[in-house]
Amino acid sequence: MDFHALRDIVVLFGLALLTVVVLRKLRLPSIIGFLITGFLAGPYALGFIRNTHQVEQMAEYGVVLLLFTIGMEFSLKELMRIRHMVLIGGGLQLALTIIAVAVIGTLAHFPLSQAIFFGFLVALSSTAIVMKLMMDAGEMDTPQGKAALGILIFQDLCIVPLMLFTPFLAGGGEGLADIAVVSAKACAVVLGAHYGSRFVVPWLFEQVVKTRSRELFVLSIIFIGMGTAWLTAQVGLSLALGAFIAGLAISESEYSHQALSDIMPFREAFMSLFFISVGMLLKPAILLKFPLLLIGLVVSIILIKALLTSAVGIALGLPMRIAVIAGLSLAQIGEFSFVLSRSGLSYGLLTRETYQLFLGASIATMALTPLCLKISGPVADFLIGVLPHHWTRGRRSLAQNGDKVALRDHVIVVGYGVNGKNLASVLKNLEIPRVIIETNPFTVRGLRNQGESIIFGDASKPEILEHAAIGDARIVVIAISDAAASRRIAALVRQMNPSIHVIVRTRYLLEMEPLFKLGANEVIPEEFETSVEILSRVLKRFLIPQDVIEECIADVRRDGYDMLRSASKRHSHAVGIAGFLSGAEIGSFRVRKNAPIEGESLRGGLLRTRSGATVVAIKRGEQTIANPDPIWEFQVDDIALLLATPEQMRVAAKLFEPG
């Protein structure tokens, strides 16, 4: 029995473990470790692995699984929502990069067909690296994350036409006719996936789930993903595109989250093999022979791609900060370029030497991607600081937000994602004045057409907050996914209006302390609140009474937030009486019919003796009475404003409800 393949895998993973551990100590990402592992173990360096073919095959499965899981995490509805970025943004980025590289190649005395092929190779970015880094950083839901994803999807869709156009550049094949035929096949496959996601996939999963077999469930996921990839390959499309379409089909199913969790370990293992296999292809001799040329190529590729992609984002109306971050995140050469380069090598569009130069420059750009992402924020902030505001604020037609918002005592909602959308909807239903600040130009346009009060722009700019009447607002809710941007906005809001109440939504508990230091009054960490919601649902399934559940939740919240309350008090810059009301809350309650409090007077003392809460004001109809007289009697639909501790509030709430 031949154990060579198994030995190769053991050697690769063992060397990868050692390399990644060392790089983690240096705070460098795992991807660089995998590239170095392949470089060292490959046939051109230490020679641990002689036959790279089997490793390359498993690496292709890694790319397939990556696109499959990206499809599952995405959805057709979300794809349609960013269709402008996919079609227009991706199309412009691809076309401009190909043209720019072709012009430079022609000036360098390469034949036009060869220069255009160089453009093909440079135009594609790495879905594998960018998506992994953004997922790890929790930036997939940010505007820059969605912009990058839209362009990457278009690039992945274009790999097939580019592959078919390669022989045409070399003087063979039917070129345009083949592209038209395969494009028609691609449309047919996408339509098939759409209807499959609505009818076939839900039915199949329903039958599998009935068996209560996890093994069968995992097998069905692999069957759908690999089967769709194989079918697309049979009609001339790429395996990875088929896997992405299969993932989209599953994403519409109610079982998508379970499917994603089951397939994720396979993806991580095979993806590491992909990066290792890329490192194996490079010959060390090329680094020694052309060091300056390679450095020049790497710098040129990163600058060209970052500048052109940023320009496309700005042309589509994105603020400069978002466009620059997206541009730098896509400044590397992608994994599909390696597939395309082999085709170019076979057709004579690349020589052995130019192929190795391409590999060296590509691997370097991949390895530099984490650095590009790290410096993208500071670079964007520097550019915004030195350039005029009207250059950096986004599309002119959207940036002209009209006159300053004519509102007082209103709520400013920063970000129109899931949280911002839900909040704005409730505020609208309750007729509470509000204004939304959003950086997605297409969202802004749609909401303006619906008559919503919305401003296009970056809330970290004073001009935008001034336009939203920050000085007259009561509350600012920062509901965006970008932690760095949230900190900048919180600090600026507190500086511009020291008395405003600042509420920030964040992902993790670790982000709370910095936000409190910058002046946030309340920080809502999704990580903690999700655990509270899980606790509530578990207790409900055990038929625990609702009042007991609420007490448990209050205790958990009190214990969980106690460690940060001192930070809140220590670093809050708010003025007013808030500092004298430590540990107390202000809440309002409506008197319901047949409630214990109905018909009771303040002099009777029911509210005070039962709960300990103090009545600050009472609203009856359109009339509001502050500090009401003791003879005041509660009537149905009166709204009482109470001052109390959280425990007193829970007791007082029961007095306003019937029974």
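Student: How do the axes of α5 and helix α14 cross, and within what distance do they come?
Tutor: The axes of α5 and helix α14 (residues 291-315) come within 9 Å and cross at roughly 145 degrees. Axes here are lines fitted to C-alpha atoms, for helices over the stretch in contact, and the angles run from 0 to 180 degrees between N-to-C directions. Helices (H or I, at least four residues) and strands (E, at least two) are DSSP runs, numbered from the N terminus.

Student: Is that crossing of α5 and α14 left-handed or right-handed?
Tutor: The crossing is right-handed. The word applies if the near helix is turned clockwise from the far one by less than a right angle, and left-handed applies if anticlockwise.

Student: Which residues make the contact?
Tutor: From α5 the residues are G89, L92, Q93, L96, T97, A100 and I104, and from α14 they are I304, K305, L308, T309 and V312. Contact means heavy atoms within 4.5 Å. By type, this contact holds 7 nonpolar, 4 polar and 1 charged residues. Ala, Val, Leu, Ile, Met, Phe, Trp, Tyr, Cys and Pro count as nonpolar, Asp, Glu, Lys and Arg as charged, and the others, Gly among them, as polar.

Student: Before we go on, what sort of model is this?
Tutor: It is a predicted model, in which local features need pLDDT of at least 70 and side-chain atom pairs count only at pLDDT 80 or more, while totals for chains, interfaces and linings use all residues. Residues are numbered from 1 along each chain as its sequence is written, and side-chain values use heavy atoms, with hydrogens and water left out.

Student: Back to the helices, then: how do the axes of α14 and helix α15 cross?
Tutor: They cross at roughly 145 degrees and come within 7 Å, with α15 covering residues 320-329. This crossing is right-handed. On the α14 side the contact involves K305, A306, T309, S310, G313 and I314, and on the α15 side M320, A323, V324, A326, G327 and L328. Sorted by type, these residues are 7 nonpolar, 4 polar and 1 charged.

Student: New topic: how many salt bridges does the count come to?
Tutor: The count comes to 9 salt bridges. A salt bridge is a side-chain nitrogen of Lys or Arg within 4 Å of a carboxyl oxygen of Asp or Glu. In one of them, R434 pairs with E452, and the closest N and O atoms are 3.2 Å apart. R434 lies in strand β2 (residues 434-438) and E452 in the loop between α21 and β3 (454-456), so the pair ties together parts that are 18 residues apart in sequence.

Student: Are R434 and E452 buried or exposed?
Tutor: Both are buried. Buried means under 20% relative accessible area, exposed over 50%, and partly exposed in between (1.4 Å probe, protein chains only).

Student: And with which residue does E526 meet in a salt bridge?
Tutor: E526 meets R505, at 2.5 Å from N to O. This pair links distant parts of the chain, with E526 in helix α25 and R505 in strand β5 (residues 501-506), 21 residues apart. E526 is partly exposed at 26% relative accessible area, whereas R505 counts as buried at 13%.

Student: How far apart are E533 and R537 in helix α25?
Tutor: They are 4 residues apart, so about one helical turn separates them. Their salt bridge has its closest N and O atoms 2.8 Å apart. E533 is partly exposed at 39%, and R537 is exposed at 56%.

Student: What about disulfides: how many does the structure hold?
Tutor: The structure holds 0 disulfides, a disulfide being a pair of cysteine sulfur atoms within 2.5 Å. As for individual cysteines, C158 is buried at 13% relative accessible area, and C552 is partly exposed at 31%.

Student: One last topic: where does H109 lie, and what is its phi?
Tutor: H109 lies in the loop between α5 (83-107) and α6 (112-123). Its phi is near 70 degrees, a positive value in a residue other than glycine. H109 counts as exposed, at 75% relative accessibility.

Student: What is the phi of L543?
Tutor: The phi of L543 is near 60 degrees, a positive value in a residue other than glycine. L543 sits in the loop between α25 (526-541) and α26 (546-571), and it counts as exposed at 74% relative accessibility.
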